[in-house]
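Please look over the sequence and the model before reading on.

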Amino acid sequence: MNTERFSSALGLVCILTAGTTAHAENFSQALSWNCNGCHGPAGASAGQAIPGIAGIHPRYFFKVMRDFKLDERQATIMGRIARGYRTAELREMAKHFSANTWTSAKTIAPEGQFLAGKAVHDEHCVECHEDAGRYQDKEIPRLAGQWPSYLLYQLADYQQNHAKMPQPDKMRERVKKLTREDLEAVCGFYGQVDDEYRLDVESGLITGEAQAPLLGTLAPNRP
Ligand code: HEC
Ligand code: HEC
């Protein structure tokens, strides 16, 4: 377990759960207040280790939350949080967050990583994570515009074939073969892909606005 990530997350939970109220008129809005401290207003996360959850497919959202609740999915913090809600509430949350618009992290990968990551993506990942990782459905999460650090945590967990990281056999095989360098590159690639923001692969020119490079701060693998 990554203790730094865990303890900062836990600190927030304490603050957030202290002020819980369930009396607001808008049921899902009230529920979402307990998530915003970490996942950002309307689910557009500003924390590198915390995924953006706005606009994700409602059935994927619900499945992940239910897995967290039942302790069937690897988590540093979400298991504890999801256990505090009834299944019907998880459904409401899924509806609420999926109705929001996806907001990309807009990171820039260190030099050379975008194209190296694209090569990994094209060879191993595009079959399911179509459209440069923008595609999503009830089983496949969107990767494009997600925080690279978060994606890397997930990939490390998948690669170690953690018993609580459900993944298709094909993904397991492909992720297994990748080096740490490949993983970092492909996460850098996804972090940089966005709807408005693209790196022109032909010219190597970057267009659109982006944040500073963020991959330098990647944390080590979770055990
Ligand atoms: C203390 C910080 C924190 C709070 C509060 C929090 N989350 Fe999370 N969330 C995380 C972290 C960190 C992860 C990555 C999984 C893990 O390590 O637990 C995550 C993962 C998720 C995911 C999985 C996304 C994916 O792409 O697989 C969903 C969905 C989610 N959270 C929804 C919620 C909802 C809904 C709430 C409010 C009820 C909430 N979270 C509150 C930190 C938080
Ligand atoms: C056979 C289809 C398939 C292939 C090929 C595949 N994936 Fe996936 N991927 C999935 C599915 C399905 C999930 C959701 C699994 C789950 O429920 O945890 C997923 C989840 C992920 C996640 C977690 C995202 C999140 O928000 O938690 C990452 C990161 C990821 N894949 C990256 C990759 C990379 C990188 C490759 C190529 C090396 C790859 N995948 C190849 C199907 C695939």
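Which residues of α6 are buried? The model is a predicted one, and in it the buried residues of α6 are Gln 113, Phe 114, Gly 117, Lys 118, Val 120, His 121 and Cys 125. Viewed down the axis of α6, these buried residues fall within an arc of 160 degrees, so they line one face of the helix. An α-helix has 3.6 residues a turn, so residues three or four places apart point the same way. The buried residues of α6 are covered by elements that include α8 and α9.

The setting of that helix is as follows. The protein has nine helices and zero strands, and along the sequence its pattern reads α-α-α-α-α-α-α-α-α. There are 223 residues in the protein, and buried residues make up 34% of them. Among the contacts between residues at least 6 apart in sequence, 74% join residues at least 24 apart.

The next topic is the nonpolar cores. In soluble globular proteins, nonpolar side chains tend to be buried together. The largest nonpolar core here has 27 residues. Those with the most contacts inside this core are Leu 151, Leu 152, Leu 155, Val 186, Cys 187, Phe 189 and Tyr 190. Two or more residues are given to this core by each of α6 (113-125), α7 (148-159) and α9 (180-192).

Next comes the packing of two helices. Two packed helices are described by the angle between their axes and the distance between the axes. For α7 and α8 (residues 169-177), the angle is about 105 degrees and the axes are 9 Å apart. The range for roughly perpendicular is 65 to 115 degrees, which means that α7 is roughly perpendicular to α8. On the α7 side the contact is made by Leu 155, Tyr 158 and Gln 159, and on the α8 side by Met 171, Val 175 and Lys 176. The residues of this contact divide into four nonpolar, one polar and one charged. Leu 155 is also one of the residues with the most contacts inside the largest core.

Phe 61 has its place in helix α3, and it is buried, with 23 other C-beta atoms within 10 Å. Phe 61 and Ala 94 are 33 residues apart in sequence, but their C-alpha atoms are 5.5 Å apart in space. Not counting residues up to four places away in sequence, Phe 61 touches Ile 53, Ile 56, Ala 94, Phe 97 and Ser 98.

Ala 54 lies in the loop between α2 (27-39) and α3 (58-69). With 19 other C-beta atoms within 10 Å, Ala 54 is partly exposed, because a buried residue needs 20 or more. Ala 54 and Gly 43 are eleven residues apart along the chain, and 4.4 Å separates their C-alpha atoms. Leaving out residues up to four places away in sequence, Ala 54 touches Ala 42, Gly 43, Ala 44, Phe 97, Asn 100, Thr 101, Trp 102 and Thr 103. Phe 97 is also touched by Phe 61.

Ala 105 is found in the loop between α5 (87-98) and α6. Ala 105 is buried, with 26 other C-beta atoms within 10 Å. Ala 105 is 86 residues from Gly 191 in sequence, and the two are 6.5 Å apart in space, C-alpha to C-alpha. Neighbours within four places in sequence aside, Ala 105 is in contact with Gly 52, Gly 145, Gln 146, Trp 147 and Gly 191.

The last stop is the loop between α6 and α7, where Asp 131 and Ala 132 are found. Phi of Asp 131 is near 55 degrees, a positive value in a residue other than glycine. Phi of Ala 132 is likewise near 55 degrees and positive.

Key. Residues numbered from 1 in each chain as written. Chains lettered and ligands numbered in written order. Predicted model: local features only at pLDDT ≥ 70, side-chain atom pairs only at ≥ 80, totals over all residues. Core = buried A, V, L, I, M, F, W, Y, C linked by C-beta atoms within 7 Å. Buried ≥ 20, exposed ≤ 12 C-beta atoms within 10 Å, placed from the backbone. Helix = DSSP H or I, 4+ residues; strand = E, 2+ residues; numbered from the N terminus. Axes fitted to C-alpha atoms, helices over the stretch in contact; angles between N-to-C directions. Parallel < 35°, antiparallel > 145°, perpendicular 65-115°, else oblique. Contact = placed C-beta atoms within 7 Å. Nonpolar A, V, L, I, M, F, W, Y, C, P; charged D, E, K, R; others polar. Arc of directions from axis to C-beta.
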